[in-house]
Amino acid sequence: MTDIDPRLDLTLDRVIRAPRDVVWQAWTDPAQVAQWWVPAPTIARVEQLDVRPGGAFVTSMSDDGEEFVPHTDGVFLVVDDGARLVFTNAIDSSWHPASPAPVALTAEIVFAEHPDGTDYRVVVRHADPGTRDRHEELGFFDGWGAVTEALAALAESRAA
């Protein structure tokens with residue numbers, strides 16, 4: 001993991017009471033990602049999940065389960081099997097530069113051993129302090145917190 005710059009980065013830490021491989025699988029299996037990737041009651045659909053450096057990460061979302069709109073369109077930059085994922089939406093799944101709304105970001109997800117399961121850390125990096133602050137104001141902690149809670153619930157139920 002690279003250093004965290006509090007002027008540019010937002011972080012979220014949580015211990016998930018499930019083995020690291022179970023949490024990793026919840027991040028890398030499209031059927032499982034669809035269960036937690038957006039805050040409920042919104043529904044996610046995973047269009048592409050090619051978990052390898054340069055692989056596509058594309059999702060859509062729906063409030064009614066019928067009409068889906070684009071949600072995530074990015075690429076994985078780093079995949080350290082079982083330990084770390086890094087993706088960005090600043091490059092879209094067709095490898096073109098992107099200007100995603102509401103903010104461009106690079107997210108680093110770290111999965112580490114913990115006596116109670118998995119030490120799970122998210123670091124979301126931004127280009128400048130204004131973009132970081134805008135992401136926080138738009139509800140970073142509520143949104144990423146809600147999906148992390150849903151991820152934990154899924155992983156913990158699978159581990160039980």
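**Exercise 1. Find how many salt bridges the whole structure has, then look at the one between Arg125 and Asp9.**

Step 1. A salt bridge here is a side-chain nitrogen of Lys or Arg within 4 Å of a carboxyl oxygen of Asp or Glu. Searching the whole structure with that rule turns up 13 salt bridges.

Step 2. Arg125 forms one of them with Asp9, and the closest N and O atoms are 3.0 Å apart. The two partners come from distant parts of the chain: Arg125 sits in strand S7 (residues 117-125) and Asp9 in strand S1 (residues 9-16), 116 residues apart. Strands (E, at least two residues) and helices (H or I, at least four) are DSSP runs, numbered from the N terminus.

Step 3. Keep in mind what you're looking at: this is a predicted model, where local features need pLDDT of at least 70 and side-chain atom pairs count only at pLDDT 80 or more, while totals for chains, interfaces and linings use all residues. Residues are numbered from 1 along each chain as its sequence is written, and side-chain values use heavy atoms, with hydrogens and water left out.

Step 4. Now for exposure: buried means under 20% relative accessible area, exposed means over 50%, and partly exposed is in between (1.4 Å probe, protein chains only). Arg125 is buried because its relative accessible area is 18%. Asp9 is buried too, at 7%.

**Exercise 2. Describe the salt bridge between Arg121 and Asp13.**

Step 1. The side chains of Arg121 and Asp13 come together with an N to O distance of 2.5 Å. Arg121 belongs to strand S7 and Asp13 to strand S1, so this pair ties together parts that are 108 residues apart in sequence.

Step 2. Arg121 has a relative accessible area of 24%, so it counts as partly exposed. Asp13 is also partly exposed, at 44%.

**Exercise 3. Which residues are linked with Asp80 and Arg84 in a network of salt bridges?**

Step 1. Start with the pair itself: the side chains of Asp80 and Arg84 form a salt bridge at 3.3 Å, N to O.

Step 2. Check the accessibility of each partner. Asp80 is partly exposed, at 34%, whereas Arg84 is buried, at 19%.

Step 3. The network holds Asp9, Asp80, Arg84, Glu108 and Arg125.

**Exercise 4. Which backbone atoms does the side chain of Asn89 contact?**

Step 1. Is Asn89 buried or exposed? Its relative accessibility is 11%, so it counts as buried.

Step 2. For a polar contact you need a pair of N or O atoms within 3.5 Å; within protein, one must be able to donate a hydrogen and the other to accept it, and residues adjacent in sequence count only if both atoms are side-chain atoms.

Step 3. A polar atom of the Asn89 side chain lies 3.2 Å from the backbone oxygen of Val103. The backbone nitrogen of Leu105 is 2.7 Å from a polar atom of that side chain.

**Exercise 5. Locate His126 and find a backbone oxygen that its side chain contacts.**

Step 1. His126 is in the loop between S7 and helix H3 (129-137). It counts as buried because its relative accessibility is 7%.

Step 2. The backbone oxygen you want belongs to Leu8, and it lies 2.9 Å from a polar atom of the His126 side chain.

**Exercise 6. Examine the backbone at Pro41, Pro102 and Trp95.**

Step 1. Ala40 and Pro41 are joined by a cis peptide bond, with omega about 10°. Pro41 is in the loop between helix H2 (30-36) and strand S2 (43-49).

Step 2. Ala101 to Pro102 is a cis peptide bond as well, with omega near 0°. Pro102 lies in the loop between S5 and S6.

Step 3. Trp95 is in the loop between S5 and S6. Its phi is near 70°, a positive value in a residue other than glycine. With a relative accessible area of 56%, Trp95 is exposed.

Step 4. Val75 is in strand S4 and counts as buried, at 2%.
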